[in-house]
Amino acid sequence: MRTTIAALVLPLGLALAAGPAQAMNIATAIQTTVRVQAEQPDGSISIGSGVVLPGQRVATACHVIAGAKSLKASYQYVAKPASVVRRDDWRDLCVLSVPELAAPAAKIARAGDLKPGDRLLGFNGAYGVDVRLLVGALDKTFDMDGAPVMQVSVPFAIGDSGGGLFNVAGELVGILAFVAKTAGEERYAIPIEWLDADIDATRTVPFWKAAPADMPDFLRPQER
């Protein structure tokens with residue numbers, strides 16, 4: 001995919017009055033975006049986004065790669081084979097190993113350091129063209145498993161899942177995950193802190209797709 005940095009960073013700089021150092025961090029964050037391709041048993045291809053971690057790894061949402069028989073990560077139109085090295089289906093956070101990936105890694109921060117109203121940036125690489133910049137803010141947080149699930153105004157949609165969520169310093173704080181089935185189409189991102197969480201392999205359905213009785217309180221329909 002192409003990453004037209006100037007076209008994306010300039011409007012953001014005007015909106016947020018980013019200084020030179022901050023603009024450079026954002027430009028680097030754009031470069032960490034990849035396209036994730038998941039080949040299904042029937043030969044169809046599911047497409048999503050991912051963000052590069054240190055060690056030639058890629059973080060993405062597990063539902064992006066669900067059921068895949070083979071995986072690839074594409075950076076600047078070059079697709080490389082990938083394999084799953086960490087799978088946390090319940091939290092919907094997976095990590096892929098991509099040994100030949102020639103892309104810079106994101107600088108990682110903490111979702112827990114954010115506060116409501118903070119500006120946030122999402123990047124999408126699923127469409128195989130220029131990386132798309134999605135600008136919004138943190139609306140609310142909901143504590144779950146020791147870290148905040150984030151309700152955001154970043155306007156992501158299907159195909160954006162798995163893309164990185166960054167603070168305005170260009171630091172990775174989460175992964176774009178799901179849109180709740182409500183009238184307001186509330187959008188949620190999962191915290192990057194969950195990369196270090198203990199995995200319960202018996203829980204194979206993402207928390208936001210679970211039966212209502214198994215969902216966290218903030219997603220249960222009867223409590224909306």
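**Entry 1: ground rules**

Two strands pair if DSSP finds at least two bridges between them. I take helices (H or I, at least four residues) and strands (E, at least two) as DSSP runs, numbered from the N terminus. I keep in mind that this is a predicted model, where local features need pLDDT of at least 70, side-chain atom pairs count only at pLDDT 80 or more, and totals for chains, interfaces and linings use all residues. Residues are numbered from 1 along each chain as its sequence is written, and side-chain values use heavy atoms, with hydrogens and water left out.

**Entry 2: confidence**

I checked pLDDT, the predictor's confidence in each residue, from 0 to 100. The protein chain averages 87, and 86% of the residues score at least 70. Over residues 1-17 the pLDDT stays under 50. For that stretch the model has 39 contacts beyond four places in sequence, a contact being heavy atoms within 4.5 Å.

Next I followed S12, residues 171-179. Seven of its nine residues are buried, that is, under 20% relative accessible area, with exposed meaning over 50% and partly exposed in between (1.4 Å probe, protein chains only).

I then listed the neighbours:

- Strand S7 (residues 107-108) runs parallel to S12, with two bridges, and Lys107 is opposite Glu171.

What does the hairpin of S11 and S12 hold between its strands? I found three residues there, and in this hairpin Gly170 takes a positive phi near 80 degrees.

**Entry 3: cores**

I looked for nonpolar cores, meaning sets of buried Ala, Val, Leu, Ile, Met, Phe, Trp, Tyr and Cys residues joined through side-chain atoms within 4.5 Å. The largest has 34 residues, and Phe123, Phe166, Trp194, Phe207 and Leu219 have the most contacts inside it. Elements giving two or more residues to this core include helix H2 (20-31), strand S2 (45-53) and strand S8 (119-124). Which element gives the largest share of this core? My friend S12 again, with four residues. Apart from this core lies another, of 18 residues, among them Val58, Ala73, Leu96 and Val98.

I also opened up Phe123: beyond four places in sequence it touches, among others, Ile26, Ile30, Val131, Leu133 and Phe166.

**Entry 4: the disulfide**

I searched the whole structure for disulfides (pairs of cysteine sulfur atoms within 2.5 Å) and found one. Cys62 is joined to Cys94, S to S 2.0 Å. Cys62 sits in the loop between strand S3 (57-60) and strand S4 (70-75), and Cys94 in strand S6, 32 residues apart. The torsion about the S-S bond is about 105 degrees, so the disulfide is right-handed. Are these cysteines buried or exposed? Cys62 is buried because its relative accessibility is 2%; Cys94 is buried too, at 0%.

**Entry 5: Arg91**

I finished at Arg91, in the loop between strand S5 (78-88) and strand S6 (93-97). Its relative accessible area is 10%, so Arg91 is buried. For polar contacts I used pairs of N or O atoms within 3.5 Å; within protein, one must be able to donate a hydrogen and the other to accept it, and residues adjacent in sequence count only if both atoms are side-chain atoms. The side chains of Arg91 and Asp88 make such a contact at 2.7 Å, and the Arg91 side chain reaches the backbone oxygen of Asp198 at 2.8 Å. Beyond four places in sequence, Arg91 also touches residues including Asp145, Ile190, Trp194 and Phe207.
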